[in-house]
Amino acid sequence: MNPTSLDRPIREENVAALLRRWRLVCQDEKFRFDVNLDFDTTAVLRAMTEEEVRLAASTLVPLFGLSVDDYGLKNILEERNGRELSHVELKRADETFMENEDFLLNRWSASRLSDNRSRIRYALSPGTAMFLTRATIGDLRKIAGNGHSLCSLQVRPQYLWQAGKAKHLGDAQRDSMAFSANKKNSI
């Protein structure tokens, strides 16, 4: 497998997901609940410019992880209940669906290419990696359409601030900062 085949989707996912969150919290702070952000991260994002958000997101380390495990994914797939949504909810649900779909498809395709490598790269549990390997695209689309964001920011707000403000950092330095700022990699 080409070592860069996983890199491009990670960087694109980071930029798209972080910019979406930045735009939402800049519009109204109450949207932070829609995209799984805590108060500190919301405050940091609101204080940043678009260029700084893009710099912070420009790393080959995944900044986002699944907010549910394999059991949660199975439950979402099984219960898919449909309620009527308002016009505003439909617009946000469409954005959430597209983000969830991209997020799941990146992990699904990585799991199909190399189960072990995807588990390491995306910090997936063995059960989640197995679920994604066995899932169909139709299953992923059903899960993506649940109306809630499935991805949560995995790095501390200090990383976003420091990586966004430090314009002189190289890619390797930004990657190291992102890896060490990941909540799962902490000591």
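A salt bridge is a side-chain nitrogen of Lys or Arg within 4 Å of a carboxyl oxygen of Asp or Glu. This is a predicted model: local features need pLDDT of at least 70, side-chain atom pairs count only at pLDDT 80 or more, and totals for chains, interfaces and linings use all residues. Residues are numbered from 1 along each chain as its sequence is written, and side-chain values use heavy atoms, leaving out hydrogens and water.

**View 1. Glu 99 pairs with Arg 20.** Their side chains form a salt bridge, 3.1 Å from N to O. Glu 99 sits in helix α5 and Arg 20 in helix α1, so the pair ties together parts 79 residues apart in sequence. Both Glu 99 and Arg 20 are buried (under 20% relative accessible area; exposed is over 50%, partly exposed in between; 1.4 Å probe, protein chains only). Helices are DSSP runs of H or I, at least four residues, numbered from the N terminus.

**View 2. Arg 107 pairs with Glu 13.** The closest N and O atoms are 2.7 Å apart. Arg 107 belongs to helix α5 (residues 87-113) and Glu 13 to helix α1 (residues 7-27), so this bridge links parts 94 residues apart in sequence. Arg 107 and Glu 13 are both buried.

**View 3. Arg 54 pairs with Glu 50.** The closest N and O atoms are 3.1 Å apart. Both residues lie in helix α3 (residues 50-57), four residues apart, about one turn of the helix. Arg 54 is partly exposed at 39% relative accessible area. Glu 50 is partly exposed too, at 31%.

**View 4. Lys 167 occupies the loop between α9 (157-165) and α10 (171-181).** Lys 167 is partly exposed, at 46% relative accessible area. Beyond neighbours within four places in sequence, Lys 167 contacts (heavy atoms within 4.5 Å) Glu 51, Glu 52, Leu 55 and Arg 174.

Conventions. Helix = DSSP H or I, 4+ residues; strand = E, 2+ residues; numbered from the N terminus.
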